[in-house]
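The sequence and the coordinates are shown first, and the description follows.

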Amino acid sequence: MPQSLFEKVWNAHVVEALPGDNALVFVDRVVAHEITTPQGALEIEREYGDTLYDPGRIVAINDHVSPAKDMETAIQAKVLRDWAKRHKIALFDIGQNGICHVVTPERGYVEPGMTLACGDSHTCTLGAFGAFALGVGSTAQGGAMLAQTLVLQRPKVMRVIVNGRLQGGATAKDLALHVIATLGFKGGTGYVLEYAGSAIDALSMDERMTLCNMAIEAGATTGMCPPDETTFSYLRGRENQPTGEDFEAKVAFWRTLRADPDATYDREITLDVDALRPMVTWGTNPGEAIALGAQIPADAEASSLKYMGVEAGSDLRELELDQAFIGSCTNSRLSDLRAAAEVLRGRTVTIPTIVTPGSQAVKRAAEREGLHDIFQDAGCLWTHSSCGPCLGMSMGVLAPGGRCISSTNRNFPGRMGTGGRVHLASPAVVAASAVLGRIASPSELGVVDATATVTATEVRA
Amino acid sequence: MIIAGTVLPLDRANVDTDQIIPAHNLTGIEKTGLGKHLFTGMTGGAELLARHSEAAILVARENFGCGSSREHAAWSLADRGFRAVIAPSFARIFYENAYNNGIAPIVVDATEIDALLESIFASIDLEREVIARDDGGEVPFTLDPLRKQFLLSGGYMKFLASKIETVRAWESAKGSPRA
């Protein structure tokens, strides 16, 4: 029976079938951060003898508000830290940490064929490796630490074939927004998005992570990319991966995970990206996105227009901005920073602009090639790594009515601060907008394709 | 089990988790005491809650609970006394979180929502899987048969604790390479 990539991974992890199309699914890796882990960890401590199934399968990372901003967040970080130390769980803390979805792959903790869960919806990022990686609630994460399993309803599988080649300034972020705009904000609900096609094969791991990061924004359980030489070379020689013959034995197994040619899918869509150009969101969910320069659609949702202070038929390039942000689990890796720096080199930003690398390893790699000087010469704030302004939880919160162009993944009402307005775009578009003080394409500054000169050197910690 | 109570009509689609509970309220380490933050990220949310302060049943449009995995959304609803959310569709993670916290996520046909939004009171029979509207009508629904047990006996973690030996046996039989 021919199988999809998802089916191969799923079938290899079903411990037992459960009523109602549910299954008890083995979890190879649990990633634990300070916002959503303490509740489940404390419940296990109080009611289940503080016993974890296998602490060696857990990775703990302080990332959302790190360093802590106040007493409450300091307590969250301390609970995670003390718990990790008590159980001898690998811990990444102030100085070596970063966003969990950036640190986990950087340190070699995710690989093809794996199942991975974390109390964070953007865990789907790691599907880029051909893993089944999904966000779950704190209780489900707790269960995965107690019994190394999740109760899951088997998702349907949608094959998303992407043909053509990203060009003309279009990036993986624009592809992600295009997929969500095509499927609709909830069009992927109940599905795993299994990517395929020449445009996907050509993506670097950084780009695949950007694409899969936003699968949840179409409601999907996760996204997955077929593992290939790009995947293997990313993992080869990385910490927490074996070396030599042991690694090559893994590669031989990983090669078997690609979808069988005759695999069937619950749904299939085909996109061509040759004509795709930079995208930007106008509304209050990531599906409300248009090509930069296009008009806001005539049938736009009234409540979204009202919240964002925009009108149907208008051009987003007319809007003045209050802030720009480059960072988040979507777009904070070295290649993202290089693309932004390409636009900002020798230019000056005209609005407050925050650049937050995805991990301390990304930060150091960026500094080794002088990107921090480019950003700071341009007048940007260059910060330590964390989730940063993305979710309005610590620094960079917007004032009511404040408008921000952001390389993040959510433009929900209040996401970056009550009443704040967020427009999602690629790092290059954010950088160009920061220079001009309004939503702008890099081409307006004469930068045709900021990513064209960006090589995909993947950061090692 | 019957869930009977007044209805909070939330005539909106795509109610995301940032509107249910904004991220700056996620700074605790316990599942309790979060009701005071419910709907503080929603335009008009506080007024709506004030008008329906005793409500136990929330009725909303499609794609309720989309966005973040934050279980705080379910905890804040439970803390305010909500025991059911009725909508045409839910985001996956919220749907799972609701079951794990004693909130029945009840999926009904979109055509039923208008009348339910008009209802002042509703009674939900979880065993028979029907909603009795205050106009005398009945609306059927289907619960996940397994998660229904979690709902009735409060036991996702207990269920998984009972599976530990099964999982260990599976793992050793499979000889799965340690990830």
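## A covered helix in chain B

In this predicted model, helix H3 of chain B, residues 72-79, is mostly covered, with seven of its eight residues buried. The buried residues are B:His72, B:Ala73, B:Ala74, B:Trp75, B:Ser76, B:Leu77 and B:Ala78.

Just after H3(B) comes B:Gly81, which takes a positive phi of about 95°.

## Overall form of chain B

Chain B contains eight helices and seven strands. Its radius of gyration is 18 Å, close to the 16 Å that the globule rule gives for 179 residues, so chain B is as compact as a globular protein of that length. The C-alpha trace of chain B spans about 55 × 40 × 25 Å along its principal axes.

Of the 179 residues of chain B, 48% count as buried. Among contacts in chain B between residues at least 6 apart in sequence, 63% join residues at least 24 apart.

## The contact between chains A and B

Chain A gives 56 residues to the contact, and chain B gives 43 residues. On the side of chain A that touches chain B, the elements giving two or more residues are strands S1 (14-18), S2 (22-26) and S8 (149-153), together with helices H2 (38-47), H3 (71-86) and H5 (138-146) of chain A. The largest share of this side, six residues, comes from H5(A).

By class, the residues of the side of chain A that touches chain B divide into 23 nonpolar, 23 polar and ten charged.

## A helix pair in chain A

Two packed helices are described by the angle between their axes and the distance between the axes. In chain A, the axes of helix H6 (residues 172-183) and helix H8 (residues 205-213) come within 8 Å and cross at roughly 25°. Because angles under 35 degrees count as roughly parallel, H6(A) is roughly parallel to H8(A). The crossing in which H6(A) passes H8(A) is right-handed.

H6(A) contributes A:Ala172, A:Lys173, A:Leu175 and A:Ala176 to this contact, while H8(A) contributes A:Glu207, A:Thr210 and A:Leu211. Taken by class, the contact of H6(A) with H8(A) has four nonpolar, one polar and two charged residues.

## Helix H13 of chain A

Within helix H13 of chain A, residues 360-368, the residues A:Gln360, A:Ala361, A:Val362, A:Lys363, A:Ala365 and A:Ala366 are buried. The cover over the buried residues of H13(A) includes helices H4 (100-106), H12 (334-344) and H14 (371-377) of chain A. A:Gly370 follows H13(A) and has a positive phi, near 80°.

## A buried arginine in chain A

A:Arg421 is placed in strand S19 of chain A, residues 421-424. With 26 other C-beta atoms within 10 Å, A:Arg421 is buried, since the cut-off for a buried residue is 20 or more.

Leaving aside neighbours within four places in sequence, A:Arg421 is in contact with A:Met308, A:Gly309, A:Gly402, A:Arg403 and A:Cys404. A:Arg421 and A:Leu398 are 23 residues apart in sequence, and their C-alpha atoms are 7.9 Å apart in space.

## Backbone features in loops

Most residues other than glycine have a negative phi, and most peptide bonds are trans. A:Asp50 has a positive phi of about 60° although it is not a glycine. A:Asp50 lies in the loop between H2 and S4 of chain A and counts as partly exposed, with 13 C-beta neighbours inside 10 Å. In chain B, B:Glu129 has a phi near 60°, a positive value in a residue other than glycine. B:Glu129 is found in the loop between strand S5 (121-125) and strand S6 (130-133) of chain B; with 15 other C-beta atoms within 10 Å, B:Glu129 is partly exposed.

A cis peptide bond, with omega about 0°, joins A:Ser66 and A:Pro67. A:Pro67 lies in the loop between strand S4 (58-61) and H3 of chain A.

How values were computed
Residues are numbered from 1 along each chain as its sequence is written. Chains are lettered from A and ligands numbered from 1 in the order in which they are written. This is a predicted model: local features need pLDDT of at least 70, side-chain atom pairs count only at pLDDT 80 or more; totals for chains, interfaces and linings use all residues. Two residues are in contact if their C-beta atoms, placed from the backbone, lie within 7 Å. Helices (H or I, at least four residues) and strands (E, at least two) are DSSP runs, numbered from the N terminus. Ala, Val, Leu, Ile, Met, Phe, Trp, Tyr, Cys and Pro count as nonpolar, Asp, Glu, Lys and Arg as charged, and the others, Gly among them, as polar. A residue is buried if 20 or more other C-beta atoms lie within 10 Å of its own, exposed if 12 or fewer, and partly exposed in between; C-beta atoms are placed from the backbone. Axes are lines fitted to C-alpha atoms, for helices over the stretch in contact, and angles run from 0 to 180 degrees between N-to-C directions. Angles under 35 degrees count as roughly parallel, over 145 as roughly antiparallel, 65 to 115 as roughly perpendicular and the rest as oblique. A crossing is left-handed if the near helix is turned anticlockwise from the far one by less than a right angle, and right-handed if clockwise. The radius of gyration is taken over C-alpha atoms; the globule rule is 2.2 Å times the number of residues to the power 0.38.
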